[in-house]
Amino acid sequence: MAAMSDVLLRVGRLNYVWTNTESLLIYIIAHLLKIDKDAAIVVFLTLNTTRARIDLVERLAKLHSTPAADRKAVLHAMARMKKESKMRNKYNHCIYSFDDKGQISSTQMMRFVEDDKEISYGKVEQLDEKEIAALEKSIAEIVSISQSLWNFINASPHVSGEL
């Protein structure tokens with residue numbers, strides 16, 4: 001099983017790269033709405049969930065007034081973010097189980113799963129080498145998304161001057 005310090009280091013890195021990447025949505029909002037950074041910050045902070053922010057950016061990108069190349073780039077980046085948000089949410093909303101040596105052995109999700117006949121909670125997943133590799137891959141993908149968003153932002157004549 002994974003050493004607790006290794007897991008916590010990776011979860012910290014996951015949160016760090018996610019937060020930095022999500023904050024770039026401020027510039028994407030500014031670009032799509034053609035507003036200044038301060039106004040985009042107000043919009044960003046008014047929406048208090050990642051999901052709401054991504055939904056807004058996707059909807060703005062889908063407007064007919066958005067150039068096709070911008071639409072394609074933004075929607076692609078948002079799809080990538082939504083995919084990686086699953087890993088982020090998992091590690092931000094789980095509890096950990098420990099083995100007899102005090103090492104983290106598994107994660108347990110703290111959410112309900114309901115169907116017509118029963119309710120359950122706490123999907124358990126082993127925190128093994130395969131899961132650690134998936135966590136590292138997710139961190140690398142979020143860094144890649146960040147870079148693609150920066151490239152888009154730097155190419156924006158509306159936003160690049162505000163950096």
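**A charged meeting point and its surroundings**

Modeller: Start with Glu131 and Lys90: their side chains meet in a salt bridge, 2.8 Å from N to O (a side-chain nitrogen of Lys or Arg within 4 Å of a carboxyl oxygen of Asp or Glu). This pair links distant parts of the chain. Glu131 sits in helix α6 and Lys90 in helix α5, 41 residues apart (helices are DSSP runs of H or I, at least four residues; strands are runs of E, at least two; both are numbered from the N terminus).

A word on the ground rules. The model is predicted, so local features need pLDDT of at least 70 and side-chain atom pairs pLDDT 80 or more, while totals for chains, interfaces and linings use all residues. Numbering starts from 1 along each chain as its sequence is written, and side-chain values use heavy atoms, leaving out hydrogens and water.

Back to the pair. Glu131 and Lys90 are both buried (under 20% relative accessible area; exposed is over 50%, partly exposed in between; 1.4 Å probe, protein chains only). For Lys90 the relative accessibility is 10%.

Lys90 has another partner. Its side chain also meets that of Glu125 in a salt bridge, 2.3 Å from N to O. This pair, too, links distant parts of the chain. Glu125 lies in strand β5 (residues 124-126), 35 residues away from Lys90 in helix α5. Glu125 is partly exposed, with a relative accessible area of 25%. Together Lys90, Lys123, Glu125 and Glu131 are linked in a network of salt bridges.

How many salt bridges does the count give? It comes to ten. One of them joins the side chains of Glu58 and Lys82, at 2.8 Å from N to O. Here Glu58 is in helix α4 and Lys82 in helix α5, 24 residues apart, so distant parts of the chain are linked. Glu58 is buried, at 11% relative accessible area. Lys82 is partly exposed, at 24%.

Now move to helix α2. Why is this helix (residues 25-33) described as largely enclosed by the rest of the structure? The reason is that eight of its nine residues are buried. They are Leu25, Ile26, Tyr27, Ile28, Ile29, Ala30, His31 and Leu32. These buried residues pack against five helices: α1 (4-23), α3 (37-46), α4 (50-61), α5 (68-92) and α6 (129-155). Note that α5 and α6 also hold the ends of the Glu131 and Lys90 pair. After α2 comes Lys34, whose phi is positive, near 55°.

The largest nonpolar core has 38 residues, and Ile28 and Met78 touch the most other members (a core is a set of buried Ala, Val, Leu, Ile, Met, Phe, Trp, Tyr and Cys residues joined through side-chain atoms within 4.5 Å). At least two residues of this core come from each of α1, α2, α3, α4, α5, β2 (104-109) and α6. Which element gives the largest share of this core? That is α6, with eight residues.

Note on methods: Contact means heavy atoms within 4.5 Å.
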